[in-house]
Amino acid sequence: TMLSKIAICTAALAIGLPALGGPVHFYRDADGAALKEQGATAETFGLTDDQLNALYEATGGKVDLRHFYRVDAATKSTGHFDQFASAGVSDNSVPPPVIKTDSLDPELDGQWWIEDLNTAGVWDLATGAGVTIADCDAGYYIDEPDLVPNLLLDYRYDVADEDDPLIINDGNFITHGTSVAAIMLGAKDGVGTNGIAYDAKLVPLQNFNYNSSLDDMDKEVATAKCILKAIENPDVKIVVLENQTAEGSSETFEGTREAVELAMAAGVTVVSAGGNYSRELTIEQEHDTGSIIVGALAQDGSMAYFSNYGERITISAFGEKLRTLRGPDGTMGDFGGTSGATPQVAAAVALMLEVNPNLTPLEIRDLLVQTRVPREDTDRVGGRLDVMAAVQAAAATPPNVAKSNDQADLRKRVIEILGQRG
C-alpha cells in the first residue's frame, strides 16, 4: 500500500539504508546503443534533444548535458557496465547535510555566529538589498513571519514532484529549508532571528522531498534540474545547493557539475554544501567547476568533526549550535552541519553583490579565498568566513564590466533555450 511504501522509505532514511530500489548509477556514452541494450535509459533532465544541443552550442562546448544514461539497481546487478564512463550515483536515502546536536545552552539563544563571522558594521555597507537567491532545498514553512517578507512565492517550485510542483511545504525535511532561509535572509523585524543578508530575496525551490510518494525522479537528477530552474529566473544571482551524496557534495554527480558550470558561465554564483561524511572531496577537486563549496566549523572555530574536507573546500562557516527558526509557528531550534554553514556564506555573497553587482562568480570565489581567516586546525576546510573583509574587498574591486556583460548575454540565451520546453 502507499502508506507502507512511505513507512519503508521513512525508515530507510532514518537508519541510513538505501531507499526503495537502491542507488541508481549514471553513465556517459556518446552513442548509448550498448548501454540501452543492457537496459539503461536516457536521462535528459527534462530537456529536449534540441535544447541540449543548443546549450552545448551556446557555451562553445563547455557545458554538455547530453549523453547521460540511467541504470537502476536491478539492472546494474544483472548487467556489465564497467566499460562505460561513470557519471555518478544517486542514492535517495542520503539526507540533507544537516547535523542536529540538541544541546542548546541558554547563552546560545543569541546569534553568536553572526558576531563571530566579523559582521560588526557590515550592515552599514550592505544588507542584501536588490540581490535574489535561489535555494535548492528540501522544503519550507512558507507562512513564517520571519520569512514571508523575503520569500518570492510566485516563483516557488518543487522540481521533484511533477504532480504538485507548486507545493513546497511538504516532504520529510520541511524544517531544513526554513532554517537555511532564516540564516540567509530572515527579516530584521525585532522578532525571532534575522539573517545575515536580511534584505535579500529568496526564490524557494524544492529539489527533493525525501519521500517516495512525492518524488518522481532521482535526487541528483532533481538537483541538476533545480539549478536549471534557478537559471531561468533572470533575477537570480546566487544558487544555493543544500544537498549531499554519500561520496561528497552535490558535484560528485556529473549532471550537477554540468548544470553548475552552466550557471557559472551565465554569471550565477553557486554556493554548495560540502557534505557531512568526513570525506575528502576528491571528485570535486579533479573536476573544479568554479563553484563555492562550504565546509563546517565547530563553535570554537576548529574544523567540525563531520565536515567533508580537502583543497576543493573554498571556505568554512559555523556548523553547530545554530539557534534559528525551524517552524512551524515560529518554533526555534538547533541547526547545523554544512547545511548550516552554507547559508552564512551565501548571505555574505549577497552582501558582496550588493556593493559590486558586476562581480563575476570566479571573482567572488577569489575574494572569499583572499579574505578568509586561516587557522592551522581549519586548513582542510579552507579557513573561516570573514564577512566584513569580504564585503570591503568586493567594494574595492574594479568592476569587470566586459566579462559581466558577456555572462549576461549568455544568460539571456540560456533563458531563451530553457524556456522552449513544450
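This is a predicted model: local features need pLDDT of at least 70, side-chain atom pairs count only at pLDDT 80 or more; totals for chains, interfaces and linings use all residues.
Residues are numbered from 1 along each chain as its sequence is written, and side-chain values use heavy atoms, without hydrogens and water. Local features need pLDDT of at least 70, side-chain atom pairs count only at pLDDT 80 or more, and totals for chains, interfaces and linings use all residues.

Helices (H or I, at least four residues) and strands (E, at least two) are DSSP runs, numbered from the N terminus.

| Element | Residues |
|---|---|
| Helix H6 | 174–185 |
| Helix H7 | 219–232 |
| Helix H8 | 254–265 |
| Strand E5 | 132–137 |

From first C-alpha to last, H6 reaches 17 Å, close to the 16 Å expected at 1.5 Å a residue (1.5 Å times one less than its number of residues). Of its 12 residues, 12 are buried (under 20% relative accessible area, 1.4 Å probe, protein chains only). Among them are His176, Met184 and Leu185.

The axes of H7 and H8 (lines fitted to C-alpha atoms over the stretch in contact) come within 8 Å and cross at roughly 10°. H7 is therefore roughly parallel to H8 (angles under 35 degrees). In contact terms (heavy atoms within 4.5 Å), Glu220, Thr223, Ala224, Ile227, Leu228 and Ile231 in H7 meet Gly255, Thr256, Ala259, Val260, Leu262 and Ala263 in H8.

H7 also holds Cys226, which is linked to Cys136 in strand E5, 90 residues apart. The torsion about the S-S bond of Cys136 and Cys226 is about -105°, so the disulfide is left-handed. Both Cys136 and Cys226 are buried. A search of the whole structure finds one disulfide.

Notes
Buried means under 20% relative accessible area, exposed over 50%, partly exposed in between (1.4 Å probe, protein chains only). Axes are lines fitted to C-alpha atoms, for helices over the stretch in contact, and angles run from 0 to 180 degrees between N-to-C directions. Angles under 35 degrees count as roughly parallel, over 145 as roughly antiparallel, 65 to 115 as roughly perpendicular and the rest as oblique. A disulfide is a pair of cysteine sulfur atoms within 2.5 Å.
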